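Here are some friendly notes to read alongside the structure. Keep the model open and look up each residue as you go.

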Amino acid sequence: PAFLFIAGYVQGLGMRSGAAQPRAFGRRLRRLAEIWLLGYALHFPAPQLLAGQWTEAWRLGTHVDVLQCLAVSLALLLAIECWARRSVDTIVTVLILITVGATEIVADLAFQPDWLRAYFTPSTGSLFPLLPWAAFVFVGFLASRVTQWVSWMSAMLWILLVVFAVGAGGSNGFFAQRVAWLLLAVPLVQWVAARWQPQWLLFVGRESLVIYAAHLLLIEALAILALPRSSASIVICSVVFTGVLAASCAIAIAWRRTP
């Protein structure tokens, strides 16, 4: 939720600076298309294809992960910014209500094709379908807009009212609870950031996409090595976690230094 929220917030900041002008639409859309394709590439079902398991390969290969969800959500916001600038806040607010409210309704629908259904329901195995995960992007975008006119504390309370107006049961509760924690954490993070901004942490934030991709590849490599999982102690898990994080950051540094 925090990853998606921040992406939406940054998109809103870009709109303030005029980055959503039509002349920049194509360039930003191409960037989002690259992220969308990367999401599929990171989960390419090579073992299933090599084994001739075509149906299983298609099922796994069309899963929607956080990168596809992120790319589609931001592309939708980009279109709204470019062609509905005067009513963008109203449209995004309605999108939040629809995205969360329709989650349980769509979850029961068995429409085809499977690759399209993967974007709207976890029934095909998707971990991050648009419903309700895209709503975290939209809330982040709306937060960046609201804080133009009011303080963070007032914005937090206003958005919380919008969130809980959706409801507190089922998937709505899943969404509302996580947004509430996010909005409560943001003023604290803002307070810390005003006093402490280590360069290594800023670097990790700038290279979050590379680090995310690297850590997935490293986890896949560990899975191939068949390292112990549920039987591993907290010490082993901590060592593996630290190693994956350090290696991912090292890959990001090497990527940044590549001409």
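This is a predicted model: local features need pLDDT of at least 70, side-chain atom pairs count only at pLDDT 80 or more; totals for chains, interfaces and linings use all residues.

1. **Who lines the pocket?** Let's begin with the second largest pocket, which holds about 420 Å³ of space. Its lining is made of 16 residues, and those closest to the centre are Leu42, His43, Phe44, Pro45 and Glu220. Two helices, α3 (46–50) and α13 (208–224), each give at least two residues to this lining. Which helix supplies the largest share of the lining? That is α3, with three residues. Sorted by class, the lining of this pocket has ten nonpolar, four polar and two charged residues.

2. **Helices α5 and α6.** Next, a general point: a pair of packed helices is described by the angle between their axes and by the distance between those axes. For helix α5 (residues 66–83) and α6, the axes come within 9 Å and cross at roughly 150°. Angles over 145 degrees count as roughly antiparallel, so α5 is roughly antiparallel to α6. The crossing of α5 past α6 is right-handed. On the α5 side, Leu76, Leu77 and Ile80 make the contact, and they meet Val88, Ile91, Val92 and Leu95 of α6.

3. **Helices α6 and α9.** Now follow helix α6 (residues 88–101) to helix α9 (residues 130–146): they pack at an angle of about 155°, and their axes are 8 Å apart. That angle makes α6 roughly antiparallel to α9. Is this crossing left-handed or right-handed? For α6 and α9, the crossing is left-handed. Among the α6 residues in this contact are Val92, Leu95 and Ile96, while the α9 residues include Ala135, Phe138 and Leu142. By class, the contact of α6 with α9 counts 14 nonpolar, two polar and two charged residues.

4. **Helices α5 and α9.** The remaining pair to look at here is α5 with α9, whose axes come within 9 Å and cross at roughly 50°. These two helices are therefore oblique to each other. The crossing of α5 and α9 is right-handed. In α5, the residues that meet α9 include Cys69, Val72 and Glu81, and in α9 the partners include Trp133, Val137 and Phe141. Eleven nonpolar residues, one polar and one charged make up the contact of α5 with α9.

5. **A peptide bond to check.** Please take a moment over Pro132, which is found in helix α9. As background, most peptide bonds are trans. Is the bond from Leu131 to Pro132 cis or trans? This peptide bond is cis, with omega near 5°. Both Leu131 and Pro132 are also among the α9 residues that meet α6, so do find them when you return to point 3.

Notes. Residues are numbered from 1 along each chain as its sequence is written. Side-chain values use heavy atoms; hydrogens and water are left out. Axes are lines fitted to C-alpha atoms, for helices over the stretch in contact, and angles run from 0 to 180 degrees between N-to-C directions. Helices (H or I, at least four residues) and strands (E, at least two) are DSSP runs, numbered from the N terminus. Angles under 35 degrees count as roughly parallel, over 145 as roughly antiparallel, 65 to 115 as roughly perpendicular and the rest as oblique. A crossing is left-handed if the near helix is turned anticlockwise from the far one by less than a right angle, and right-handed if clockwise. Contact means heavy atoms within 4.5 Å. Ala, Val, Leu, Ile, Met, Phe, Trp, Tyr, Cys and Pro count as nonpolar, Asp, Glu, Lys and Arg as charged, and the others, Gly among them, as polar. On a 1 Å grid over the protein atoms alone, a cavity is a set of points where a 1.4 Å probe fits but cannot get out, and a pocket is an open set with protein on both sides within 12 Å along at least five of seven lines; lining residues have an atom within 4 Å of a point. Grid points are joined across faces, edges and corners, and a volume is the space filled by probe spheres set on the points.
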